[in-house]
Protein chains: 2
Amino acid sequence: MFGRSLIGPLGEATLSEKSSRSEVVYKALRQAILEQALRPGTKLSEDTIADHFKVSRTSVRAALVRLNAEGIVDLRVNKGACVAEPTLEEARDIFALRRMLEAEVIRRLVADLDAAGVKRLQQHVRQEEAALTDHGPLSIRLAGEFHILLAELTGSQALTRFVREIVSRCSLILARFARLHSPECAVDEHVQIIRALQSRDTATAERIMLEHLDAVELRAELDTGKEEPDISAILQRYARKG
Amino acid sequence: MFGRSLIGPLGEATLSEKSSRSEVVYKALRQAILEQALRPGTKLSEDTIADHFKVSRTSVRAALVRLNAEGIVDLRVNKGACVAEPTLEEARDIFALRRMLEAEVIRRLVADLDAAGVKRLQQHVRQEEAALTDHGPLSIRLAGEFHILLAELTGSQALTRFVREIVSRCSLILARFARLHSPECAVDEHVQIIRALQSRDTATAERIMLEHLDAVELRAELDTGKEEPDISAILQRYARKG
DNA sequence: CGCGTCAATATTGTATACAATCATGTTGAT
DNA sequence: ATCAACATGATTGTATACAATATTGACGCG
């Protein structure tokens, strides 16, 4: 699949590590949610998921518990799991925190970022550009992973962890509220961020990042088109993606 | 929002909610770890825990997965769980992030904090003072919960979530590296923080918070006294604490 | 005496079975 | 026809059983 240059933005697993079954389910569900294939509010029936991954409910439950701990799945006692539905209030709260975290990332990178890091960023943006044609889930994911890559380049595991979580939740928010994900502008803005980082100008870099995040947030306008899709077809696609 | 003036800083469960068994195990283990009754590196055998709580391994595993997601338990495939052992490098990383998060908390509180909030803080400090006599696990926990309470008073769920997680991990760090937890000075510093917040002087309040965190971090000096305690006696105490 | 090999044991990973709770649709009375 | 009570089926919570892997200790060899 993707050789992910040892580890991609999402890859915590090191090579040669045999994924447990709950791990497989976890990753697939997570990806499906973040790519907005599974939309907020979608019921996640344990039996359905177990059947489609050919595993037992035990493994499914473990995955759901993890996703719940990350805040992208809601888990109500005796009523099962569903993709989290952030409220508008939560959305604003999360975006505010995201601005703070990513401003910190930028400040650290302006001080620290080396040529190798710039190269990785540019490489990532090239991937984003390549994915633009399909307007699909891939570009959605890559847009988020750019920010995670930025956090990783700070070298701070803790900061990366938080950025990863908050980016996930923002994806969920966009999935819920944004009319359409139009990632092309984002790629442009990502290029600008890289340039600002190279210029070593903290104020400018921070400003551009904040403007970028504002632009992302602006796309979140109420649009409560709701339906209950059957998740079978979706899981079909994610069962063998890894 | 919801009347959580009824519940303490750690309480997410609302009243009359029947705790599932894995929830009970989760809370007990978490508390035991944060009160440093279970020290970093301690093996958490599923069978042992299941026996002591009179539940099946299923429930125990669910709790361990959650704790792992919060970063206070390590989970290695086929090798079981143990209390996380943060390295010195991770410790510094986490404290740096903590300073940033809590500075943000202070900035928000200087702008927002009302009389009711001050009252809750003072009440909490009184609890801390009352707990000082026993020098025990209670004072350790209360010291951490003061910071969580501060975060809650900002009204930001997301910020609270992150502060809670990072305070947990800092407890773990202190458990691993600090020679002795001497919480009496902390209480004094907490009082100062409240005063600074009341003064509405952002710069001062932030400075005092950062000094406080530095003081906490300073206690973390290498001291690798290691032993493998049997966790039975410890779990005995936590099985009926809730 | 040190050290590697292998069997026996213990522990974890996963599946299945059972119990408890919830959702749904039917029946019957007003 | 409306609504309540109940029975039935579906879904989740928990326990147990089995399979896979790791740990331990004994044994034999150098």
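## The sheet of chain B

Strands β2(B) and β3(B) (residues 80-83) pair in the antiparallel sense over four bridges; pairing requires at least two DSSP bridges between two strands. Strands are DSSP E runs of at least two residues, helices H or I runs of at least four, numbered from the N terminus. Val73(B) has Val83(B) in β3(B) as its bridge partner.

This predicted model shows an open, antiparallel sheet of three strands in chain B, ordered β1-β3-β2. β1 (43-44) and β2 (73-76) of chain B are at the edges with a single partner strand each, so one side of each lacks a neighbour in the sheet. Helix α3 (residues 57-69) of chain B packs on the sheet and touches β1, β2 and β3 of chain B. Contact means heavy atoms within 4.5 Å.

## DNA strand D

Around DNA strand D there are 19 residues, and Arg61(A), Arg21(B), Ser56(B), Thr58(B) and Lys79(B) come nearest; a residue counts as near with a heavy atom within 4 Å. Sugar and phosphate make up 71% of the DNA strand D atoms within 4 Å of the protein. Helix α3(B) gives the largest share of this surface, three residues.

A side-chain N or O atom of Ser56(B) lies 2.7 Å from a phosphate oxygen of DNA strand D. A polar side-chain atom of Arg57(A) is 2.9 Å from a base nitrogen of DNA strand D.

## Confidence

Chain A averages a pLDDT of 85, on the predictor's per-residue confidence scale from 0 to 100. Residues 1-16 of chain A have pLDDT below 50. Where pLDDT is low, the predicted coordinates should not be read in detail.

## Conventions

Residues are numbered from 1 along each chain as its sequence is written, and chains are lettered from A and ligands numbered from 1 in the order written. Local features need pLDDT of at least 70 and side-chain atom pairs 80 or more, while totals for chains, interfaces and linings use all residues; side-chain values use heavy atoms, without hydrogens and water.

Terms used. Axes are lines fitted to C-alpha atoms, for helices over the stretch in contact, and angles run from 0 to 180 degrees between N-to-C directions. A polar contact is a pair of N or O atoms within 3.5 Å; within protein, one must be able to donate a hydrogen and the other to accept it, and residues adjacent in sequence count only if both atoms are side-chain atoms.
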